[in-house]
Amino acid sequence: MSRRSKSDSRSLWIAAVPMFLLALSCLYPFYFALNNALKDNRGYILDRFGLVNDPTFANFITAWSRARFDEYFMNSFTVTVGAVLALLLISSLAGFALAVLRFPYRKLVFVVILASLMIPVQVVLVPFYQTILALELLNTRTGLILSYTAFFLPFSVYLMTAFYSALPRELVEAARVDGAKFIHVWWFIMLPMGRPALLTLAILNTLYCWNDVLISLLVLQDERTLMVGITALRGEYTTNVPLLSAAIVLAAAPIVILYVLFQRKIVAGIATGAVKG
């Protein structure tokens, strides 16, 4: 083995060891939650960090039925699907318009969309809540779907605009020469070619909507979503940690499975924003 090969191999090991330790630190919370979810309360008190000896699924059954997690799950599923579909439709149309059409103040509109990405959610919570009250959307799933759509739309529009801008302009011009209207160009040409970016947006927005606590806590105050329901399991003085851990595992399982299945798409989609905009 040459001296250069040995040096490269040593460099890889130097980089691999801290990355391996970082991966373990990220995986440990999953192990801790699943391990404690399989214990009863007595087993957790006697040995909080030890491996479970007598696993039980009672905590999962209790969390799903008695803690109303079946209702919370349906609330989260409904608003997530509704918001993601709305985001995909609106961002695809807006991205097509900003990337392909030529209209006055097009660049200004795009700059305003980019600027809105820099505004923290906490800054607009007061006017946001007043708007929800004025529109009588408080404690409605429709209100939460519209809220998610409004908050997550700027990033979605930016990503679709960047993706459509990288596609050959000649495709649109050829379709226009053949007599196709812009809506037909979007539906038959741009939308099929934009499937990679749309799939990435669907995954990312699903993660955002499913894991949200702050917005759903403000809008759905009577009916809870899954993540808000988890926080309600914490007592004022004591907390049933195994039950809480089981609830966390139930809430995280769909997202973990989604991420494992589409992790390459997520990474590729994030890199999409680096192309010409």
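Predicted model: local features only at pLDDT ≥ 70, side-chain atom pairs only at ≥ 80, totals over all residues.
E173 is partly exposed, with a relative accessible area of 43%. The partner of E173 is R169, and the two form a salt bridge in which the closest N and O atoms are 3.9 Å apart. R169 is also partly exposed, at 33% relative accessible area. Both residues sit in helix α8, and because they are four residues apart there, about one helical turn separates them.

How many salt bridges does the count come to? The count is two. The other bridge joins the side chains of R141 and E223, again at 3.9 Å from N to O. This pair links distant parts of the chain, since R141 is in helix α7 and E223 is in the loop between α11 (214-219) and α12 (226-231), 82 residues apart. R141 counts as partly exposed at 33% relative accessibility, and E223 is partly exposed at 38%. As a general point, side chains of opposite charge can pair when their charged atoms come close.

The largest nonpolar core has 20 residues, and L88, F96, V100, M160, Y164, V185 and M190 touch the most other members. Which elements give two or more residues to this core? They are α4 (69-100), α7 (141-165), α8 (169-177), α9 (182-193) and α10 (195-211). Helix α4 gives the most, with five residues.

Beyond its neighbours within four places in sequence, Y164 is in contact with S92, G95, F96, A99, W186, M190, L191 and G194. Apart from this core lies another one, of 15 residues, including L87, L144, I145 and I215. In soluble globular proteins, nonpolar side chains tend to be buried together.

That leaves the surface. A nonpolar patch is found there, formed by W13, V17, F20, L21, L24, L27, F30, V256, Y259 and V260. Together these residues have about 1,000 Å² of accessible area. Two helices, α1 (3-37) and α13 (241-272), each supply at least two residues of the patch. Which of them has the largest share? That is α1, with seven residues.

Is L21 buried or exposed? L21 is exposed, because its relative accessible area is 52% and the cut-off for exposed is over 50%.

To go back over the main items: two salt bridges, a largest nonpolar core of 20 residues, another core of 15, and a nonpolar patch on the surface.

Notes:
Residues numbered from 1 in each chain as written. Heavy atoms only, no water. Core = buried A, V, L, I, M, F, W, Y, C linked by side-chain atoms within 4.5 Å. Buried < 20%, exposed > 50% of the residue type's maximum accessible area, 1.4 Å probe, protein only. Contact = heavy atoms within 4.5 Å. Patch = residues over 30% accessible without salt bridge, like charges linked within 9 Å, V, L, I, M, F, W, Y side chains within 5 Å. Areas by Shrake-Rupley, 256 points an atom, 1.4 Å probe, with all protein chains shown as cover. Salt bridge = Lys/Arg side-chain N within 4 Å of Asp/Glu carboxyl O.
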